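Trainee: I would like to learn how to read a model of this kind feature by feature. Could you take me through it, with the general idea before each case?

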Amino acid sequence: MQYDVVVIGSGPGGYVGAIRCAQLGLKTAVVEKYKTFGGTCLNVGCIPSKALLDSSEHFHNAAHTFTTHGINLKDLKVDMKQMIARKDDVVAQNTAGITYLFKKNKIDSFEGVGSFVDKNTILVTKADGSTETLSAKNVIIATGSKPTALPFLPIDKKRIITSTEALNIKEVPKTMVVIGGGVIGLELGSVYARLGTKVSVVEFLPSIIGTMDAGLGKELQRVLKKTLGMEFYMGHKVTGATTKGKTVTVTAETPKGETISLEADYCIVAVGRTAYSEGLGLDKIGITVEERGKKIPVNEHLETSVKGVYAIGDVITGAMLAHKAEDEGTYVAETIAGQKPHINYNLIPGVVYTWPEVASVGLTEEQLKEKGVKYKAGSFPFKASGRAKASMDTDGFIKVLADAATDEVLGVHMIGPRAADMIAEAVIAMEFRASAEDIARTCHAHPTYTEALKEAALAATDNRAIHI
């Protein structure tokens with residue numbers, strides 16, 4: 001079994017990298033330890049969580065806004081079994097799609113755990129213990145990440161759970177504690193809060209979604225508290241969790257050093273993810289992972305210290321985002337083929353799929369201040385948007401940050417309806433190094449949510465927004 005490229009892992013980075021390799025005429029194989037392709041994202045991450053977010057948002061709107069629209073319903077209730085079944089069907093459709101794409105592109109696939117014998121030989125160990133070896137001129141490590149566990153808080157996968165188990169709860173809990181106010185915790189917390197669960201978020205930092213522009217976290221916390229009744233314990237340090245019967249008790253230390261206890265039906269531990277680099281046999285080829293985070297060091301071409309061995313996605317440094325992994329998969333494939341691709345890591349958007357959605361690209365105000373960059377800021381609230389008023393989605397705003405001297409857009413930060421889709425306009429504008437004036441003078445269809453971006457750009461250039 002000789003290949004130009006062997007990819008270990010079939011998540012977004014792995015399968016995209018494999019497909020691009022095949023498109024470029026490279027004989028390609030993928031090694032995947034699970035029975036389905038797609039990695040965390042398609043199986044227990046991005047796709048199933050978005051399916052549940054969509055279903056729960058439908059229910060929440062039916063319960064809280066339909067009457068305002070003139071739609072009256074009786075005996076509204078959640079069929080959790082059907083909701084989970086629909087989520088599973090969405091996952092199945094997507095993973096089957098990867099199988100089809102592999103066949104279409106003549107990519108060989110092997111089920112089992114891939115590990116290095118040497119830099120050009122991959123051992124595939126199957127579930128039954130049998131093995132086979134693959135020979136590869138190049139290897140792409142795309143093994144992703146796993147939920148981070150707290151050493152003092154054992155996860156039993158029954159009441160103290162991770163994001164994986166949270167996708168399969170068979171009933172609507174009365175109460176839930178979410179440890180971690182980042183993307184994963186807030187998205188899953190939103191799912192159950194919409195269905196009627198009392199959700200409490202415990203976060204060590206002073207703000208939620210702490211890596212994004214501070215204004216976004218402040219507004220999201222306000223809206224989630226107002227619309228879903230979510231409670232937030234900011235600056236609290238979790239010290240432990242115990243289970244008795246069907247009740248979990250989470251203990252935490254307040255900013256003043258006092259101890260509090262929170263009881264709930266479930267506790268979701270969502271404190272981040274750790275690179276999945278174990279079991280690859282990296283020591284056999286001389287690769288040492290970083291002590292913190294277990295990530296694999298790579299150079300600017302995403303090549304490890306061993307020539308011909310590359311690593312992409314969550315298993316290397318940088319944002320743990322599916323679309324970052326996809327771009328890196330394409331980048332490595334094209335590099336192996338002798339091309340000169342590029343990735344601008346400053347322009348990889350971040351998204352939180354709550355409602356309202358949150359999206360961000362480029363530098364935050366905090367980062368600009370830290371760097372000493374002189375900038376202009378313009379923002380526009382959705383409460384002044386005609387389209388937002390029509391859809392009753394008036395929470396949130398869009399902020400445009402531009403260089404004070406050149407007017408080049410340095411960052412765009414938004415919280416509002418369909419922000420996950422709207423951020424692409426900002427990414428493209430910044431990829432072409434557009435000025436705020438460029439966005440302001442681009443005709444936007446009316447009425448649309450994206451007009452808010454134009455208005456924010458107008459606000460950033462001589463404070464001349466029209467509709468406020």
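This is a predicted model: local features need pLDDT of at least 70, side-chain atom pairs count only at pLDDT 80 or more; totals for chains, interfaces and linings use all residues.

Trainee: What does UniProt list for H446?

Mentor: The UniProt record, an unreviewed entry, lists H446 under "active site", and such annotations may be inferred rather than shown by experiment.

Trainee: Is H446 buried or exposed, and which side chain does the side chain of H446 join in a polar contact?

Mentor: A residue is called exposed when its relative accessible area is over 50%, and H446, at 60% relative accessibility, therefore counts as exposed. The side chains of H446 and E451 are joined by a polar contact of 2.8 Å.

Trainee: Which residues does the record give to the FAD/NAD(P)-binding domain, and what is the helix and strand content there?

Mentor: The unreviewed UniProt entry places the feature "domain: FAD/NAD(P)-binding" at residues 3–329. Over that stretch the chain is 31% helix and 27% strand, with its end C-alpha atoms 17 Å apart.

Trainee: How many residues of α6 are buried?

Mentor: Ten of the twelve are buried, so that α6 is mostly covered; among them are L186, L188, V191 and Y192, and also the residues E187 and R194. After the helix comes G196, whose phi is positive, near 115°.

Trainee: Now for sheets: in what order do the three strands of the open sheet lie?

Mentor: In a regular strand the side chains alternate between the two faces of the sheet. Here the order is β12-β13-β14, with antiparallel pairing. Because β12 (237–244) and β14 (259–264) stand at the edges with a single partner strand each, one side of each is left without a neighbour in the sheet. On average, neighbouring strands of this sheet are turned by 20° against each other, direction ignored.

Trainee: How many bridges join β13 to β14, and what lies between these two strands?

Mentor: Six bridges join β13 (residues 247–253) to β14, and the two run antiparallel. Within this pairing, T249 has E263 as its bridge partner, while A252 stands opposite I260. The two strands form a hairpin with five residues between them, and G257 in the turn has a positive phi of about 90°.

Trainee: How many disulfides does a search of the whole structure find?

Mentor: A disulfide is a covalent bond between the sulfur atoms of two cysteines. The search of the whole structure finds zero disulfides. As for individual cysteines, C41 is buried with a relative accessible area of 10%, and C267 is buried with a relative accessible area of 0%.

Trainee: Where is A127, and is A127 buried or exposed?

Mentor: A127 lies in the loop between β5 (121–125) and β6 (131–141), and at 84% relative accessibility A127 counts as exposed. The C-alpha atoms of A127 and S305, which are 178 residues apart along the chain, are separated by 30 Å.

How values were computed. Residues are numbered from 1 along each chain as its sequence is written. Side-chain values use heavy atoms; hydrogens and water are left out. Buried means under 20% relative accessible area, exposed over 50%, partly exposed in between (1.4 Å probe, protein chains only). A polar contact is a pair of N or O atoms within 3.5 Å; within protein, one must be able to donate a hydrogen and the other to accept it, and residues adjacent in sequence count only if both atoms are side-chain atoms. Helices (H or I, at least four residues) and strands (E, at least two) are DSSP runs, numbered from the N terminus. Two strands pair if DSSP finds at least two bridges between them. Axes are lines fitted to C-alpha atoms, for helices over the stretch in contact, and angles run from 0 to 180 degrees between N-to-C directions. A disulfide is a pair of cysteine sulfur atoms within 2.5 Å.
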